[in-house]
Amino acid sequence: MAEYLPSERIGTRLQDVLTSRQISKEDITEITGMSISTLNRILKDETKLSADDASRIARYLGVSTDFLLCLTDEPYPVYRDLELLGLTPESADKMYSKKID
């Protein structure tokens, strides 16, 4: 699982997740309906992310909105009991990113 550094910047956090999961900007614009120029401004922290778009993006990425909005540094705070399910954080990350073999 990727390590995420604490960030106060939503654009930086989002870019880190997209990069670590090899998700394109086009994938995000497709699920949100926002333009690529709007997404680029969000990634540069030049404009704010709407609540609806934050929710859609977080759901698509399999992270909490709190993580995406830099309110926590834990990507999956709801899923802290992965060990009880017999899952490693790495396997959970693959499930969330839909990269299961």
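1. Of the protein's 101 residues, 36% count as buried (under 20% relative accessible area with a 1.4 Å probe, protein chains only). A word on the basis: this is a predicted model, in which local features need pLDDT of at least 70, side-chain atom pairs count only at pLDDT 80 or more, and totals for chains, interfaces and linings use all residues. Residues are numbered from 1 along each chain as its sequence is written, and side-chain values use heavy atoms, with hydrogens and water left out.

2. The protein has six helices and zero strands (DSSP runs numbered from the N terminus, H or I of at least four residues for helices, E of at least two for strands).

3. Let's look at H2, which spans residues 25-32 and has Ile28, Thr29 and Thr32 buried. Seen down the H2 axis, these buried residues fall within an arc of 95°, so they line one face of the helix (the arc is taken from the directions from the helix axis to the C-beta atoms). They pack against H1 (10-21), H3 (36-43) and H4 (51-61), where contact means heavy atoms within 4.5 Å.

4. The pairing of H2 with H4 may interest you: their axes come within 10 Å and cross at roughly 125° (lines fitted to C-alpha atoms over the stretch in contact, with angles from 0 to 180 degrees between N-to-C directions). On the H2 side the contact involves Asp27, Ile28, Ile31 and Thr32, and on the H4 side Asp53, Arg56, Ile57, Tyr60 and Leu61.

Note on methods
Buried < 20%, exposed > 50% of the residue type's maximum accessible area, 1.4 Å probe, protein only.
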